[in-house]
Amino acid sequence: MTFTDDDHRHMAEALRLAEKGRLTADPNPAVGCVIVADGEVLGRGFHRAAGEPHAETLALQEAGARARGATAYVTLEPCSHQGRTPPCANALIEAGVGAVISAMPDPDERVAGAGHDRLARAGITVRTGLMESKARELNRGFVSRHERGRPWVRVKLATSLDGFTAGADGQSQWITGEAARADVQRWRAASSCILTGIGTVLADDPRLNVRLPGFERELLRVVVDSDGRLPERLRLTGLPGPVLVASCTEPRSEAGMEWWQLPRDLSGRVNLTVLMARLAEREINTVHVEAGPVLSGALLQAGLVDELLIYQAPCLIGRGRSLLALAGMEKFDQRLHLDLIDYRRLGSDWRFLYRPQT
């Protein structure tokens, strides 16, 4: 399909609106909508949170009766099913819009083209695919959950210039500076859950919460504890929000914890592929991993890592804990190749975002 410069401009605005819901809409996708007639924007909307009005509904409310015959630019196919809110496709039909231009089809099997079909049967012109790659990137976790049956997985690591995440004495706080640590909070906030391993819990007793002013959404915190070594009193359970333990042992009944007994993999640890599938069933879109080299390396070698978020500090440790433990990688030609997606300076540190080559 061909789209005009004005089409691109209006969709770009819809994507900017959708970005406003990136930290709050989960587990729903972040969606923006713009209603336009004769070059004039009549209504704007974005989906803020699950259970609240969708972007199309808010944009139609702002446009009012002038929406009749107008074009709706929406970053995701309008939904056609009754969920926490009524179907957006019905709202667009009732408002009498003349055309709908969407960035991409909805990968949710409850929609998956049905929204576009309903609009077309009502006589509305439907076109899709405008700026699709940007729309997919915005909701990559939601897309991953529905298309691959697992969340989008990001592994965060902090390292010295010589590639160590902790010293020989086990100390790791703090390798990076305040600017880098504040940046991590924003990546946590953009996730559905934060995952760590039992080694990190025993060593650091982390809180794994989001410390951003005004952030209200409670993230699931997941501890991978294959052999049930988790102690009873933790800072994790002393904070609001659910805590899930993924283990291979019999479930324990403890206040503030949910226990999943999962199968072991060939190494005798929690089967991480099964864990990710179960998290997808729980509507987890994006997993933010802050763990040690063993769990981080195991996720990477299992093909479950979509992004490596690496903070590098300008210091040398000399001897200590390596960045990743990659079992069985003994030859140079076994190395894993990465694509550099983004990099920027944060105070005296650097942040690199890599994605494994496919």
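**Strand, cores and salt bridges**

Author: Y343 has its place in strand 15, residues 338-346, where helices (H or I, at least four residues) and strands (E, at least two) are DSSP runs numbered from the N terminus. Residues are numbered from 1 along each chain as its sequence is written. The model is predicted, so local features need pLDDT of at least 70, side-chain atom pairs count only at pLDDT 80 or more, totals for chains, interfaces and linings use all residues, and side-chain values use heavy atoms, with hydrogens and water left out.

Reader: OK, and which residues touch the most other members in the largest nonpolar core?
Author: Those are M11, I35, V97 and V100, in a core of 40 residues. A nonpolar core is a set of buried Ala, Val, Leu, Ile, Met, Phe, Trp, Tyr and Cys residues joined through side-chain atoms within 4.5 Å, and buried means under 20% relative accessible area, exposed over 50%, partly exposed in between (1.4 Å probe, protein chains only).

Reader: Which helix gives the most to this core?
Author: Helix 1 does, with 6 residues.

Reader: And what does M11 touch?
Author: Leaving out residues up to four places away in sequence, M11 touches Y73, V74, T75, I101, S102, A103, L130 and M131, a contact being heavy atoms within 4.5 Å.

Reader: Switching topic, how many salt bridges are there?
Author: The structure holds 23, each being a side-chain nitrogen of Lys or Arg within 4 Å of a carboxyl oxygen of Asp or Glu. One of them joins R154 and E307, whose closest N and O atoms are 3.3 Å apart. This pair links distant parts of the chain, with R154 in strand 6 (residues 152-159) and E307 in strand 13 (residues 307-312), 153 residues apart.

Reader: Is R154 buried or exposed?
Author: R154 counts as buried, because its relative accessibility is 2%, and E307 likewise counts as buried, at 0%.

Reader: What about R140, which residue does its side chain meet in a salt bridge?
Author: The side chain of R140 meets that of E137, at 3.1 Å from N to O. E137 is partly exposed, since its relative accessible area is 32%.

Reader: And D342, what is its partner?
Author: The side chain of D342 meets R344 in a salt bridge of 3.6 Å, N to O. D342 counts as partly exposed at 25% relative accessibility, and R344 is also partly exposed, with a relative accessible area of 42%.

Reader: Which residues do shared partners join into one network?
Author: Salt bridges that share partners join E137, R140, R154, E307 and R355.
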